[in-house]
Amino acid sequence: MPSITREEVAHLARLARIELSDDELDHLAPQLDQIIGLVGQVSQVAADDIPPTSHALPLTNVMRADENVPCLTPEQALSGAPAQEGQRFRVPRILEED
Amino acid sequence: MKSGQASSVEVTQAHLDRIAAVDGDVHAFLHVDTEGALAQARAVDDKRAAGEQLAPLAGVPLALKDVLTQEGVPTTAGSKILEGWKPPYDATVVQRLKAAGIVILGKTNMDEFAMGSSTENSAYGTTHNPWDLSRIPGGSGGGSSAAISAYEAPLAIGTDTGGSIRQPGAFTGTVGVKPTYGGTSRYGLIALASSLDTPGPCARTTLDAALLHEAIAGYDPMDSTSINQPVPAVVEAARNGDVSGLRIGVVKELGGEGYQPGVEARFHEAVELLTKLGAEVVEVSCPHFEYALPAYYLILPSEASSNLAKFDAMRYGLRVGDDGTNSAEKVTSLSREAGFGAEVKRRIILGTHALSSGYYDAYYGQAQKVRTLIARDFAKAYEQVDVLVSPATPTTAFAIGDRIDDPIAMYKNDLCTIPSNLAGNAAASFPCGLADEDGMPVGFHVMAPVMRDDLCYTVGAALESALAEQWGGVLMTKAPELEVTR
């Protein structure tokens with residue numbers, strides 16, 4: 001059965017943009033290992049000739065007419081922003097110092 | 001209200017008073033919109049006084065799961081990361097509630113981002129089961145079901161991704177319905193797993209649930225997965241409740257080992273009752289249902305890890321570490337660390353793992369194949385029977401704290417409900433009695449084909465009517481009195 005190490009959990013957390021403390025890693029890693037043991041059962045069931053189903057309904061691309069319709073005002077769109085400046089979202093710098 | 005015995009303002013105020021009296025113990029609500037609710041109620045009363053033709057539920061109060069956006073009303077999805085956020089628009093379901101004159105009392109507690117089976121994962125504290133305050137109400141929509149069973153609201157809206165309407169319905173002795181996927185709009189619903197999430201009604205009776213279902217269902221051009229077909233005749237089915245000649249399949253795989261004896265006893269009694277009412281009952285095998293749980297716990301975290309990526313501390317929500325020393329990436333990581341709870345982190349990391357290079361085919365791809373096999377099981381079963389039935393949950397509501405450190409035990413609560421989410425079927429839980437061991441409610445689970453939601457209501461109405469004759473009323477009449485604490 002596949003397993004997952006503490007280091008792999010830390011790596012995944014970085015990929016998922018979640019800073020985890022050492023205590024959280026100690027707690028989470030064995031739980032995830034156990035869960036991966038459970039979910040790994042799926043590999044025992046489905047043969048190669050079974051097509052995957054990604055969605056309960058057949059999906060079709062939905063188009064609408066290219067028309068101006070009422071939408072949120074800039075004030076409404078920015079109303080939940082942690083920081084804003086000049087009708088724009090103000091974000092921290094993108095690049096690290098180095 | 002229609003007969004003039006009470007106004008909507010009086011009814012709404014009575015429920016606000018009840019919330020003030022008991023919600024300190026139940027904690028079903030995260031936000032009570034007193035002013036907004038009374039204003040809506042006054043508007044309905046004015047229309048009624050002016051002789052306007054009103055929708056059937058006009059003026060009736062309702063509790064709304066905190067995962068649906070309501071303009072100007074705090075919406076958190078049970079998460080600290082959205083604390084204080086007020087959406088600038090209404091979800092389609094909310095627009096339809098308002099159009100029907102339904103009065104929205106406030107937002108109900110839930111597991112964070114609907115991840116959980118107990119409502120213990122809310123960032124704002126646990127909801128308690130009104131039947132026994134030391135027990136969980138089920139999850140993730142525990143607040144909505146608890147509000148109904150505590151008589152804080154006659155109606156509620158939930159969302160069902162793996163059983164989050166039906167499982168708390170079963171645990172609180174109320175009716176919980178997951179409509180056909182695509183039968184109710186997801187526009188304005190804070191997404192957990194987009195291919196599974198389904199808003200639906202919670203109520204104390206089958207007819208109440210059907211009336212609410214009819215009010216919120218139907219095609220929505222704002223949701224590209226919305227089904228453009230007429231809403232099934234759910235109200236008519238709930239009024240008729242005639243199961244004579246209906247073919248009912250008992251799912252062989254959803255019972256036996258691991259199921260609480262009191263749950264199984266009530267379930268089998270209900271099946272016998274339906275037989276006496278003229279239904280034809282046979283046992284049906286759905287061999288791949290046992291793999292629904294592992295498939296679900298790969299598909300859900302995969303979709304959730306993608307959906308929750310938008311909580312990046314840039315456009316809305318909590319922002320931590322923005323002191324000029326940290327980059328945007330670091331601020332995102334710090335904000336998500338501070339804003340997400342343990343279960344959300346667990347599932348995001350699991351989803352990231354399942355979708356990562358080298359594991360995608362082994363996990364996510366395989367889970368999608370299992371989904372095909374489960375849909376085939378349903379299709380084959382529906383060649384033999386009209387509906388499938390099972391207990392809604394393997395056990396009754398458990399004690400608060402009992403399973404919080406054992407995620408797998410927690411996930412197993414959803415064994416019976418998950419297959420319908422994977423296949424998109426309609427399904428519902430109806431109260432069928434109290435377990436002998438603990439006196440807690442048991443849910444009877446009905447699964448119907450896509451867009452045959454009416455069949456769930458037919459079975460629920462028949463069962464409810466027959467059981468009410470035995471009990472002298474619906475199951476909720478047996479609920480213990482809540483001590484009024486303030």
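Select Ser140(B) to begin. Ser140(B) sits in the loop between strand E3 (103-108) and helix H4 (142-149) of chain B. Most peptide bonds are trans. Keep in mind on this tour that the model is predicted.

**Stop 1: backbone angles in chain B**

Select His27(B). This residue lies in the loop between helix H1 (8-26) and strand E1 (29-32) of chain B. His27(B) is not a glycine, yet its phi is positive, at about 55°. Most residues other than glycine have a negative phi.

Move on to Ala313(B), in the loop between H9 and H10 of chain B. Ala313(B) is not a glycine either, and it has a positive phi of about 70°. Is Ala313(B) buried or exposed? Its relative accessibility is 2%, so Ala313(B) counts as buried.

Stay in this part of the chain and show the side chains of Asp312(B) and Arg315(B). They meet in a salt bridge, at 3.1 Å from N to O. Asp312(B) is buried, with a relative accessible area of 17%. Arg315(B) is partly exposed, at 32% relative accessibility.

**Stop 2: helix H3 of chain B**

Select residues 92-99 of chain B, which form helix H3. Which residues of this helix are buried? They are Thr92(B), Val93(B), Val94(B), Arg96(B) and Leu97(B). Now show what covers them. The cover includes strand E2 (61-65), E3, strand E4 (155-160), strand E6 (198-203) and helix H6 (206-216) of chain B. Then step just past the end of H3(B) to Gly101(B), which takes a positive phi of about 75°.

**Stop 3: the cysteines**

A disulfide is a covalent bond between the sulfur atoms of two cysteines. How many disulfides does a search of the whole structure find? Zero, over all chains.

Select Cys286(B) to see one case. The nearest cysteine sulfur belongs to Cys416(B) and is 12 Å away. Cys286(B) is buried, at 0% relative accessibility.

Select Cys456(B) for another. Here the nearest cysteine sulfur is that of Cys202(B), 14 Å away. Cys456(B) is buried too, with a relative accessible area of 1%.

**Stop 4**

Go to Ile4(A), in the segment before helix H1 (6-15) of chain A. Ile4(A) is buried, with a relative accessible area of 8%. Which residues touch it, leaving aside neighbours within four places in sequence? Within chain A, the contacts are Val9(A), Leu12(A), Ala29(A), Leu32(A), Asp33(A) and Ile36(A). From chain B, His353(B) is also in contact with Ile4(A). Gly37(A) is 33 residues from Ile4(A) along the chain, but their C-alpha atoms are separated by 9.4 Å.

**Stop 5: charged pairs in chain A**

Side chains of opposite charge can pair when their charged atoms come close. Over all chains, a search finds 21 salt bridges.

Select Asp26(A) and Arg6(A). Their closest N and O atoms are 2.8 Å apart, in a salt bridge. This pair links distant parts of the chain: Asp26(A) belongs to helix H2 (residues 22-39) and Arg6(A) to helix H1, 20 residues apart. Both residues are partly exposed, Asp26(A) with 45% relative accessible area and Arg6(A) with 30%. Arg6(A), Asp22(A) and Asp26(A) are linked in a network of salt bridges.

**Stop 6: where the chains meet**

Colour the two chains differently. In this interface, 67 residues of chain B are in contact with 55 residues of chain A. About 5100 Å² is buried between the chains, and carbon and sulfur atoms give 66% of that area.

How many salt bridges does the rule find across this interface? Four. One of them joins Lys330(B) to Glu19(A), with the closest N and O atoms 2.9 Å apart. Another salt bridge joins Arg17(A) and Glu329(B), at 3.9 Å from N to O. It crosses from the loop between H1 and H2 of chain A to helix H10 of chain B.

The rule also finds 16 residue pairs in polar contact across the interface.

Conventions
Residues numbered from 1 in each chain as written. Chains lettered and ligands numbered in written order. Predicted model: local features only at pLDDT ≥ 70, side-chain atom pairs only at ≥ 80, totals over all residues. Heavy atoms only, no water. Contact = heavy atoms within 4.5 Å. Buried area = accessible area lost by both parts, 1.4 Å probe. Polar contact = N/O pair within 3.5 Å; in protein donor to acceptor, adjacent residues only side chain to side chain. Disulfide = S-S within 2.5 Å. Buried < 20%, exposed > 50% of the residue type's maximum accessible area, 1.4 Å probe, protein only. Helix = DSSP H or I, 4+ residues; strand = E, 2+ residues; numbered from the N terminus.
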